[in-house]
Amino acid sequence: MLFTSISFLYYFLPIVIVFYFIVPKKVKNIVLFIASMIFYFYGEPKYIFLMLAEILVAYIGAILIDKYKKKSLLVLTSFIHIGLLCIFKYTDFIIQNVNNLLDVKLSLLKIALPIGISFYTFQILSYVIDVYKGKVKVQKSFLKLATYVSLFPQLIAGPIVRYETIEEELDNREHSFENFSYGASRFTIGLGKKVLIANMLGELCNQFTITNEKSVLFYWIFAISYTLQIYFDFSAYSDMAIGLGRIFGFHFLENFDYPYISKSITEFWRRWHISLSSWFRDYVYIPLGGNRKGLKKQIRNILIVWALTGIWHGASWNFIIWGLLFGIILIIEKMFLAKYLQRLPSFFRRIYVLFIVMISFVIFNASSIGEAWKNIIGLFGANGESIINKYTIYYLRSYGVVLFIALIGATPLLRNMILKLKENEKLEKIINVLEPLYMIFLLLIVTAYLVDNSYNPFLYFRF
């Protein structure tokens, strides 16, 4: 079930909210758990049992880890969860590479990827690891642990919410008009970003893919559009998840912080998909030794982390190359480039980041290395297309407004303008009155678009 579907917006969510707020406090987690099971069952009926089995393994494993303090129990529990992730996500990828390497013809298993398994597996791992380290108390209630893992606002596409973030709120959380209002506004903004910007950019990218009338300019339009689409798609989902969480009293951490204004790739990864990059930092990079054991091991650790980051996104070589590309650039920045970047004007540093990120997402989006290479060299006219043609002009005119809005919206310009206006007491009152009216108007526009348009994918569902 998509957040951006009529069934979710006007049936599922209102019913859940009504039931949640009329039941006593002690029953609220039950309502959320049942709602989350229905939500997941709607999209993945057979894999709901896999998720429940993984929760049970984590529940029992964490209790045993807490009682006996044995690393072997942590290794066994983690192995089960990582093993299941690998079976469902990487089996066919491994078979394909064995076939290519040994020139054999082993049959692919064609196992369907359970929605959200990459996200809830990492949440479970963070929980059992933190129990072992003593960072969090073991959860004795299966219901509360299951509610944490399956919580529908962030179940199928993140952000990765660590147990420690909502440990206290599973038992005690505040419900207030302010929380509800903030959550509803944040959700609606995310909804607008997804439906009115990301989906339209996706349509433009799709037109590029299917047309045979490409031009050098169209390659650039595509690369920029996809770079913006993936940001608005995923940050919108994070906005909606954070907003829904706040409605129900949970405070999920921010997952994006205007990454396209970064002045280095190091800064970019502090602002992009924060929950994932911080997860790999805390649970892989630092345990491997981080930067504490010399330069060679630091380089090794960075490459391991970024190879894993790439493969986490999908079972394909283009994802591994995408991850290693960032790893290599981060190593270069740490070794010597950062000090030279700091001497450059901010404008050039941002262009450097945007160009690398754009190229990386061309690789990320491709279905093969060959397609990625073709789209990259197409940016520089190496495929023999003309600089511009009438089809490119047509699509630029058709999508120029949304491209401009996306470029502005990817920066904190509008946010900063509103905050500046709110410094004036009279203007703040006007904005506070207009804001709910704007949210209602935005919701109506989104609804009209959803009723009229069937193109409504979520890019991160495939991860």
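This is a predicted model: local features need pLDDT of at least 70, side-chain atom pairs count only at pLDDT 80 or more; totals for chains, interfaces and linings use all residues.
Student: Is the pair of Y20 and F248 stacked, tilted or edge-to-face?
Tutor: The ring centres of Y20 and F248 are 4.9 Å apart. Their planes stand at 80°. Planes over 60 degrees apart count as edge-to-face. So the pair of Y20 and F248 is edge-to-face.

Student: How many residues apart in sequence are the parts that Y20 and F248 tie together?
Tutor: Y20 lies in helix α1, residues 6-22. F248 lies in the loop between α9 (216-247) and α10 (265-271). The pair therefore ties together parts whose separation in sequence, in residues, is 228.

Student: Is Y20 buried or exposed, and what of F248?
Tutor: Buried means under 20% relative accessible area. Y20 has 0% relative accessibility, so Y20 counts as buried. F248 has 1%, so F248 also counts as buried.

Student: What is the angle between the ring planes of F256 and W272?
Tutor: F256 is in the loop between α9 and α10, and W272 is in the loop between α10 and α11 (274-288). Both F256 and W272 are buried. Their ring centres are 5.0 Å apart, and the pair is edge-to-face because the planes are at 85°.

Student: Which ring does K89 lie over, and which ring does K214 lie over?
Tutor: A charge over a ring needs NZ of Lys within 6 Å of the ring centre. K89 is at 5.3 Å from its ring centre, over the face of W312. K214 is at 4.8 Å from its ring centre, over the face of F208.

Student: Which residues is I129 in contact with, leaving aside its neighbours within four places in sequence?
Tutor: I129 sits in helix α5, residues 117-133. At 15% relative accessibility, I129 counts as buried. Leaving aside those neighbours, I129 is in contact with L74 and Y283.

Student: What is the C-alpha to C-alpha distance between I129 and N255?
Tutor: In sequence, I129 and N255 are 126 residues apart. In space, C-alpha to C-alpha, I129 and N255 are apart by 22 Å.

Definitions and conventions
Residues are numbered from 1 along each chain as its sequence is written. Side-chain values use heavy atoms; hydrogens and water are left out. Rings of Phe, Tyr and Trp (its six-membered ring) pair if their centres lie within 6.5 Å; planes under 30 degrees apart count as stacked, over 60 as edge-to-face and the rest as tilted. Helices (H or I, at least four residues) and strands (E, at least two) are DSSP runs, numbered from the N terminus. Buried means under 20% relative accessible area, exposed over 50%, partly exposed in between (1.4 Å probe, protein chains only). A charge sits over a ring if NZ of Lys or CZ of Arg is within 6 Å of the ring centre and within 35 degrees of the ring normal. Contact means heavy atoms within 4.5 Å.
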